[in-house]
Amino acid sequence: MRRRLAAAVGALALAIGPGAVAAPAAAAPPAPPDSAQDLPTATPIKHFLVLMQENHSFDNYFGTYPGADGIPKGTCMPVDPVHEPASDCVRPYHLEEQAITDMGHNSDVFDAEYDGGKMDGFVSVFADQPTVGTRAMGHYDDRDLPFYWNVADNYVLFDRLFTSAATGSVNNHFFWTTAQAGNPDADRLLPGGFDHLTTIFDRLQKAGVSWKFYVQNYRPNVNFRTATTGIAEASAQLVWVPLLSFNRFLDDPALNSRIVDMSEYYKDAAAGTLPAVSFMVPFGASEHPPGSIEAGERFVRSLVSALMTSPSWDSSAFMWTYDDWGGWYDHVAPPKVDRFGYGFRSPALLVSPYARKGHVDHTTLDFTSELKFIENNWGVEPLASRDRAANDITSAFDFSAGPREPVLLGRSRVPPEPADTPAATVYASYGVAVSLLVPFLLAPLRSSASRLRRKGVRS
Amino acid sequence: MTTTRGDGSNLGGARARPDVAGPGGRREEAAAGGAVGGWVTTLRRRSTRRYIGWAIVVAVPSLMLRLWAVDALGVNSDEAVYAGQAASLARDPAFLPFFPVFRAHPLLFQSLLSLEYRAFGVTTLGGRLLAVAFGMGTVWLTYAIGARLYGRRVGTLAALLVGVMPYTVVVSRQILLDTPMAFFAALALYLLIRYVQTDRATWLYASAVALGLSTLTKETAILLAGGIYAFFALTRKTRLRLGQAALAVAVLVLTVLPYPISLKLAGHTSTGGAFLTWQLLRRPNHTWWFYLQAVPPALGLGVVAVAVVGIVLMRRVLTWSEHLLLAWITVPCLFFEVWAVKGFQYLLPIAVPVAVLAAMVVVSVPLPQVRWRVAARTVTTAGLRAAVAVLLVASLAVTSWNRVQPDSGGSSFLAGTGGVPGGREAGEWIDANLPVGAELLALGPSMANILQFYGGHKVRALSVSPNPLYRNPVYEPVINPDLQIRQGNVQYLVWDSFSAGRSSFFSRRLLSFAERYHGRVVHQEFITATTDEGPVREPVITIYEVRS
């Protein structure tokens, strides 16, 4: 099989330079045993990978995607919904290459935009911020996000995945890893850490299910104990990797060794040694405004491509979401499930050899739905009421069909131009030329034959 | 001193035997027989049996050399392009994205091959068998030309020489345009001879059509029109009337018209023009000595020597036949010697007249009659002639036999001489192992073509110049390959020793990309090289997976 061969060769050869490879591929040592493959699972998925990107709403990325619950026709957001709701409004518009800014996205902003369910505060909430203006009503489409839209065309797009908490990054990341808001009082890290919480990784570790937390540009010296040293750029790592706020995940080598740099992901994928469960977070390519969405898309593409070329592809599922809505407009009022959420919808995509092709999944989900899938698949206990009650993502799969071959998707939305094959023109014109030979050959041959016949008659 | 000719004919043009065209020259009787009984009678005739016997003597080694392990090596770059074009014409979806129909040369051979592909599917063996069929057709035409000019013995020997000649054998085992082009060129020569012998203009027009078809196969065949012009300008044998010449030219133009017409109708007029511009402006790809070094050994040094020595000896008694054959040889030789772009197979059409001249010299050049006693045996002039003929045929056959062995065919990287080691295997590995949509960057376009043919993935080439003056217009340059890899548009790099040998600069550059972008060797192809310390496996193709 394709990937087994790749694994064998990959394990052999990391050498650079054609002459540096001393042995032929056939002499490669076997790949290390893939322990994740041996674990019993409820589905054919043996490797589940989840990535959390940053700060975009569903309508901001896929509001115009055909077949999805996107921006309703006629949408126009009132500039002043309280005093003059009908006087002036802003229509959703394509952002093109406009510079964007980091809009507010805390619980106050959520409440103002939500406006008791009227969903009309997306412009007014930023009225006093000229640098933001009406930017929240801007959106992207396939011109800006060709790879993500290609993924949606070929795999699964979820259009009802709500952020778990109606607030910013901290609590949403905790819901993602513990099924609970880390700090019930505010969207902030606790100075003393979160040792009181149970994480999905505790569950997995106890059950003997392999896991890793891959961190782009990982700095092992940044954790909740060192946060006070004022490494500004490191604060993102602290928020996006909740495990760095747990003493046990810092002190226990069995746990700490599983928090690794993203470069290990590529090695694990290539060698076919991915763990059963992989959590991933970005650093520079998070798509967090004002960062480049193109850089984020390239980052995600490289992760997905590495999985597709991995020996583990046949039994994998890769899902990515966005930790909060980033202040952007979304037209769906989120259901109220508890005091924390849901928040507005986030884009969410799934790539897997078992993913339905071009499927828009309308199941109501939140970040704990990923936990739910892990729990169901590997048979571990739920962490809290939220994940216990959540829908999982099984509806996005079709396990009755065999695993699909991977398709490396590009960053071009223009379908490859069908090769121009004017076969009829070619056949007709060249056929005429060849047929010319017939009369020009027959004429002299016929005259020679008749001459010979005449000679024969005379003799 | 008494001189003899192989067929007992005298000098001064009577070497030509215009009415000899079939078994025993009794075609009229066979035609009169009509029914089955007539054929049986014909077959029982001794001359017919002898004719069939000689046909077998010629056909068996010719076929054997052309078919032996014919598909043992994968296609080379040019073969990949022509087979790919034919597959696209046959609308095979696996090739449509990678091989546009309109690239460079006309499409007669590709059109014929596409019909075969439509019927039997795309295989390299099918393409090569079609080329072999044209090669065998050329062998038969060589007989017809030799027999018509100098008699059946010359025709048979010439056919045998062409049948086992390394030049024709090696090229006709490949999906190249040159073998069918040489076939139509030989047909044009044969029909032209018929015209000169009979003075019937219809033969001339038929020759023009054949030359047109040769040009429709590969445009360089039009050079032979220069040979025809030179012949008519120099010969006293026949006077070409202006009206006939004009009509022949019109027929030639009419036959060639499908090339520009199909380009025009398909909206690809610029394709042909761009290719021509590039050919005119590109830098020389070989030295001035290339043809002298490459072609005579392929024709057979003995064959060339015999032909040259014979022509020199006969210089005072040359007839229109030799003039025509020499004109047919000289014009393309002169042109391609001057032309910057040189290719091993470009001179293939001269193989037929060279073989006919050599056979004529062996069979019928005037020689003193000898009768020597050597070791109780009598050596006669006829015996000497036979010995030279056997020597020539044997030397060619042995050389060809060595050349068609799979382990030797792949060791030469000269375009047109065989396959590229490991190319097919690497392409098949790509097809089986890389995900759909993966893009590769090879060192040069030759390997890129091969990998696209077998691998079914987009392969671009690092060495394709961004400067339109220095690249074949059908190839797409990779602008800023660094960025392409960094952005994930290229996921694999392909290093190969064939391209690296041609450009160490691009080899170093590609390897630097592999190093910079976490290159991981995912596949290699090896050949076994013989060294002082014994056989060593050397990598010829290495595929790296890269990421930013």
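Two strands pair if DSSP finds at least two bridges between them. The model shown in these views is predicted.

**View 1. Strand E3 of chain B pairs with strand E4 of chain B.** E3(B) covers residues 439-442, and E4(B) covers residues 458-461. The pairing is parallel and runs over 4 bridges. B:Leu440 stands opposite B:Val459 of E4(B). Between the two strands, the chain passes through helix H22 of chain B, residues 445-455. This β-α-β crossover is right-handed.

**View 2. E3(B) also pairs with strand E5 of chain B.** E5(B) spans residues 492-496. Here too the sense is parallel, with 3 bridges. B:Ala442 faces B:Val494 of E5(B) as its opposite residue.

**View 3. Helix H16 of chain B packs with helix H19 of chain B.** H16(B) holds residues 301-313, and H19(B) holds residues 381-403. The helices meet at an angle of about 145°, and their axes lie 8 Å apart. From H16(B) come B:Gly302, B:Val303 and B:Val306. They meet B:Val388, B:Leu392 and B:Leu396 of H19(B). The contact residues comprise 5 nonpolar, 1 polar and no charged.

**View 4. Helix H6 of chain B packs with helix H18 of chain B.** H6(B) is made of residues 124-150, and H18(B) of residues 351-364. Their axes are 10 Å apart, at an angle of about 45°. H6(B) is therefore oblique to H18(B). The crossing is right-handed. H6(B) contributes B:Thr138, B:Thr142, B:Ile145, B:Gly146, B:Leu149 and B:Tyr150 to the contact. H18(B) contributes B:Val352, B:Val356, B:Leu357 and B:Met360. These residues divide into 7 nonpolar, 3 polar and no charged.

Technical notes. Residues are numbered from 1 along each chain as its sequence is written. Chains are lettered from A and ligands numbered from 1 in the order in which they are written. This is a predicted model: local features need pLDDT of at least 70, side-chain atom pairs count only at pLDDT 80 or more; totals for chains, interfaces and linings use all residues. Side-chain values use heavy atoms; hydrogens and water are left out. A crossover is right-handed if, with the strands pointing away from the viewer, the path from the first strand over the helix to the second runs clockwise. Axes are lines fitted to C-alpha atoms, for helices over the stretch in contact, and angles run from 0 to 180 degrees between N-to-C directions. Contact means heavy atoms within 4.5 Å. Ala, Val, Leu, Ile, Met, Phe, Trp, Tyr, Cys and Pro count as nonpolar, Asp, Glu, Lys and Arg as charged, and the others, Gly among them, as polar. Angles under 35 degrees count as roughly parallel, over 145 as roughly antiparallel, 65 to 115 as roughly perpendicular and the rest as oblique. A crossing is left-handed if the near helix is turned anticlockwise from the far one by less than a right angle, and right-handed if clockwise.
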